[in-house]
Amino acid sequence: MTSPAQNPSNLDSALAHLADVVDQRRDEFKAGDADPKTSYTALLFSKGDDGILKKIGEEATEAVMAAKDARNSNLAPEQQKLLVGEMADLWFHCLIALSQFGLRPEDVVAELNRRLGTSGIEEKAARKAANKE
Ligand SMILES: N=c1c2ncn([C@@H]3O[C@H](COP(=O)(O)OP(=O)(O)OP(=O)(O)O)[C@@H](O)[C@H]3O)c2ncn1[C@@H]1O[C@H](COP(=O)(O)O)[C@@H](O)[C@H]1O
């Protein structure tokens with residue numbers, strides 16, 4: 001599997017490029033220029049909010065099942081490969097959902113960057129304290 005230290009800017013640009021493709025398909029679909037019979041992305045946009053969100057649930061479940069299989073196989077390479085495939089499906093469908101709601105992967109990356117260095121435990125405790133006020 002790939003090293004976690006591999007150039008992160010490649011990840012940014014890959015996600016941004018795919019989001020550009022998805023946004024373009026969304027706009028083409030709205031304009032009647034993308035056919036759900038030939039474009040899977042257009043097919044998803046034709047299903048609207050509920051269809052897109054349902055698909056994320058399905059893909060998340062498939063990723064969980066692939067992860068369990070990978071663990072049960074002691075991280076056998078072929079199971080790892082299947083897990084990567086399911087995670088890719090999940091990420092792709094998340095990009096569709098972001099596009100549907102007028103958002104970009106850059107928004108999610110910015111939020112993750114904002115959180116960098118903030119312990120999740122501390123953040124949760126601060127949130128609970130703020131909610132009590
Ligand atoms: N990255 C993806 C991508 N990842 C996954 N998928 C599709 O996501 C689907 C995954 O769904 P499932 O696992 O549920 O399988 P399924 O059998 O298709 O679905 P169901 O029958 O269960 O509904 C598959 O049909 C995949 O082909 C993707 N479809 C498209 N893209 C990208 O989007 C671009 C535009 O695609 P089109 O709009 O189809 O031209 C492509 O060039 C790719 O770059």
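**Figure 1. Burial and overall build of the protein chain.** Of the 133 residues of the protein chain, 13% count as buried. The model is predicted. The chain has six helices and zero strands. Along the sequence, its pattern reads α-α-α-α-α-α. The radius of gyration is 18 Å, well over the 14 Å that the globule rule gives for 133 residues, so the chain is more spread out than a compact globule. Taken along the principal axes, the C-alpha atoms fill a box of roughly 50 × 45 × 30 Å. Take the contacts in the chain with a separation of 6 or more: residues 24 or more positions apart account for 51% of them.

**Figure 2. Confidence in the predicted model.** The mean pLDDT of the protein chain is 93. Of its residues, 95% reach 70 or more. The model scores ipTM 0.92 and pTM 0.90.

**Figure 3. The shell around the ligand.** Which residues surround the ligand? They are Leu-18, Val-21, Arg-25, Ser-39, Tyr-40, Thr-41, Ala-42, Ala-88, Asp-89 and Phe-92. Sorted by class, the shell has six nonpolar, two polar and two charged residues.

**Figure 4. Helix α3, from end to end.** Helix α3 covers residues 48-72. It has 25 residues. From its first C-alpha to its last it reaches 37 Å, close to the 36 Å expected at 1.5 Å a residue. Three alanines in α3 are buried: Ala-63, Ala-66 and Ala-70. An α-helix has 3.6 residues a turn, so residues three or four places apart point the same way. What covers the buried residues of α3 includes α4.

**Figure 5. Glu-58, an exposed residue of α3.** Glu-58 lies in helix α3. Is Glu-58 buried or exposed? Glu-58 counts as exposed because it has 12 C-beta neighbours inside 10 Å, and a residue is exposed at 12 or fewer. Now look across to Leu-90. Glu-58 and Leu-90 are 32 residues apart in sequence. In space, they are 8.7 Å apart, C-alpha to C-alpha. Leu-90 is one of the buried residues of α4.

**Figure 6. The loop between α3 and α4.** Two residues with positive phi sit here. Asn-74 follows α3 and has its place in the loop between α3 and α4. Its phi is near 60°, a positive value in a residue other than glycine. Asn-74 has 7 C-beta neighbours inside 10 Å, so it counts as exposed. Leu-75 has its place in the loop between α3 and α4 too. Leu-75 has a positive phi of about 60°, although it is not a glycine. With 11 other C-beta atoms within 10 Å, Leu-75 is exposed.

Figure 7. Helix α4 has 24 residues. How far does α4 reach from its first C-alpha to its last, and what is expected? The reach is 35 Å, close to the 34 Å expected at 1.5 Å a residue. Buried in α4 are Leu-83, Glu-86, Leu-90, His-93, Leu-95, Ile-96 and Ser-99. Just after α4, Gly-102 takes a positive phi of about 70°.

**Figure 8. Helix α5, hardly covered.** Helix α5 spans residues 105-115. How many of its eleven residues are buried? The count is one, and the helix is hardly covered. Just after α5 comes Gly-117, with a positive phi of about 90°.

**Figure 9. Ala-126 in helix α6.** Ala-126 is found in helix α6, residues 120-132. Ala-126 is exposed, with 12 other C-beta atoms within 10 Å. Compare its place with that of Thr-41, one of the residues around the ligand. Ala-126 and Thr-41 are 85 residues apart along the chain. Their C-alpha atoms are separated by 40 Å.

Conventions:
Residues are numbered from 1 along each chain as its sequence is written. This is a predicted model: local features need pLDDT of at least 70, side-chain atom pairs count only at pLDDT 80 or more; totals for chains, interfaces and linings use all residues. A residue is near a molecule or strand if its C-beta atom, placed from the backbone, lies within 6 Å of it. Ala, Val, Leu, Ile, Met, Phe, Trp, Tyr, Cys and Pro count as nonpolar, Asp, Glu, Lys and Arg as charged, and the others, Gly among them, as polar. Helices (H or I, at least four residues) and strands (E, at least two) are DSSP runs, numbered from the N terminus. The expected span of a helix is 1.5 Å times one less than its number of residues. A residue is buried if 20 or more other C-beta atoms lie within 10 Å of its own, exposed if 12 or fewer, and partly exposed in between; C-beta atoms are placed from the backbone. The radius of gyration is taken over C-alpha atoms; the globule rule is 2.2 Å times the number of residues to the power 0.38. Two residues are in contact if their C-beta atoms, placed from the backbone, lie within 7 Å. pLDDT is the predictor's confidence in each residue, from 0 to 100.
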